[in-house]
Amino acid sequence: MKILFKNAIVLTPDGSYINDASVATDNEKITYVGTDYKGDCDRVIDCGGKLLTPAFYNAHCHAAMTLFRGIGEDLPLQRWLEEKIYPAEDRLTPESVRVGSELAIAEMIRGGVVSFSDMYFFCDETAKAVLDLGVKANIGRCLVAFSDDATIKGDTRFEEAVRLADEFHGAGDGRVRIDMSVHAEYTTRERYLREVAEYTHSRDLGMQVHVSETKSEHEACMERHGGKTPVKYLTDCGILVPSKTATAAAAHCVWVTESDMALMAENKVTAVHNPVSNLKLASGVAPVRAMLDNGVNVALGTDGAASNNALSVLRELQCAALIHKGVNYKADIIKTADICKMAWEAGAAAQARYDCGRIEVGARADIILIDLDSLNNIPMYDPYSSVAFSANERDVYLTMCDGKILFENGEFKTVDVEKLRCNAKHIIAHYFD
């Protein structure tokens with residue numbers, strides 16, 4: 001289907017914008033960006049001065065944890081995991097993960113997110129939800145191994161990850177990508193890590209892993225491994241060495257060192273900044289300016305709704321745009337347009353979706369419209385500033401993924417939201433109340 005957006009303010013990859021612009025899409029691709037469109041189309045959307053931007057990419061998420069939104073408040077990470085999350089996760093079923101994933105995806109669509117990176121369990125249910133609701137995702141079955149003798153041979157978790165890749169990698173015209181995923185250095189042993197890395201490279205798959213989320217995690221790793229940081233140790237094990245055409249994404253990176261950053265840049269590892277979750281769990285603030293200066297690709301993630309408590313990349317963007325100014329006492333530490341790009345093309349690159357995240361001819365038609373007539377967006381002097389400081393999810397007027405409209409003017413196109421609400425409340429009451 002050919003769709004023309006006209007009379008829009010369009011944000012461009014070079015950090016500038018075009019007033020009174022048009023953007024044309026033909027099925028999944030953008031075919032025109034400019035001010036003088038002459039072609040035909042099946043539908044014209046008059047944007048009326050709305051802001052047209054790339055859609056958002058959530059580079060670290062545990063989608064089905066929407067079911068645990070608000071569990072275990074005011075606890076640090078390890079107590080939160082051990083006292084609240086692990087016991088709740090023991091009660092998860094394929095049915096509950098499917099509903100939790102649908103709830104997460106609908107929330108993300110409403111907030112302009114079209115793709116997310118996910119680490120969790122019963123991942124086939126999340127993949128099915130992604131395909132049915134029309135978004136994109138990089139999905140990994142989270143792996144752990146607590147014994148030094150642990151091996152991938154006969155390991156049921158690893159076998160689930162292999163079946164997931166066999167069935168879903170590349171599904172939905174590439175909307176679903178399957179990554180391998182180890183939970184973290186402290187929940188996995190060296191032999192197992194090396195075997196997972198070898199398999200990952202043999203199949204040219206991506207990798208997702210938690211890295212240096214807390215100071216205690218970072219320091220304990222160095223004590224265990226002769227002074228090696230999590231980044232150094234995981235790199236030596238092959239985990240943070242990306243496959244040929246895929247990527248490796250290190251979530252959090254709050255306590256990484258300068259040498260870690262150089263190693264990540266050398267191996268083209270993405271650092272996924274999760275400012276809201278890291279603040280909420282009192283883990284700290286990632287050194288984003290230093291990572292950027294060292295050539296590291298930095299994307300944005302929400303983490304799970306249990307530790308956030310939302311799945312809003314826009315909120316992460318806005319938190320990141322503020323927090324680094326404050327903790328570094330420097331108002332211009334990161335340009336506003338560069339913060340926005342973390343949510344767009346940097347997030348797409350974290351998922352090896354290199355034709356996404358930009359409004360330009362040939363890119364995938366992942367587009368959102370933001371209503372600038374909302375009271376909180378008047379006046380608009382700088383559209384990047386509107387995204388980074390004044391807009392909110394309620395201002396997202398339209399969400400398009402691969403040229404397909406998923407949400408428009410308050411209406412979801414691919415999900416029955418009332419049925420989803422009922423299913424989610426039933427699951428929560430049945431399993432978790």
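Leaving aside neighbours within four places in sequence, D366 is in contact (heavy atoms within 4.5 Å) with T53, P54, A55, Y57, V114, K136, C356, I359, M400, C401 and D402. The model is predicted: local features need pLDDT of at least 70 and side-chain atom pairs count only at pLDDT 80 or more, while totals for chains, interfaces and linings use all residues. Residues are numbered from 1 along each chain as its sequence is written, and side-chain values use heavy atoms, with hydrogens and water left out.

D366 lies in the loop between α13 (345-350) and β14 (367-370); helices (H or I, at least four residues) and strands (E, at least two) are DSSP runs, numbered from the N terminus. D366 counts as buried because its relative accessibility is 1%. Buried means under 20% relative accessible area, against over 50% for exposed and in between for partly exposed (1.4 Å probe, protein chains only). The D366 side chain makes a polar contact with the side chain of K136, at 2.6 Å. Such a contact is a pair of N or O atoms within 3.5 Å; within protein, one must be able to donate a hydrogen and the other to accept it, and residues adjacent in sequence count only if both atoms are side-chain atoms.

E408 belongs to strand β16 (residues 404-408) and, at 10% relative accessibility, counts as buried. Its side chain makes a polar contact with that of R43 (2.6 Å). Not counting residues up to four places away in sequence, E408 touches R43, I45, Y397, L398 and K413.

Strand β16 is also among the elements that cover the buried residues of α3. Those residues in α3 (residues 123-133) include C123, T126, V130 and L133.
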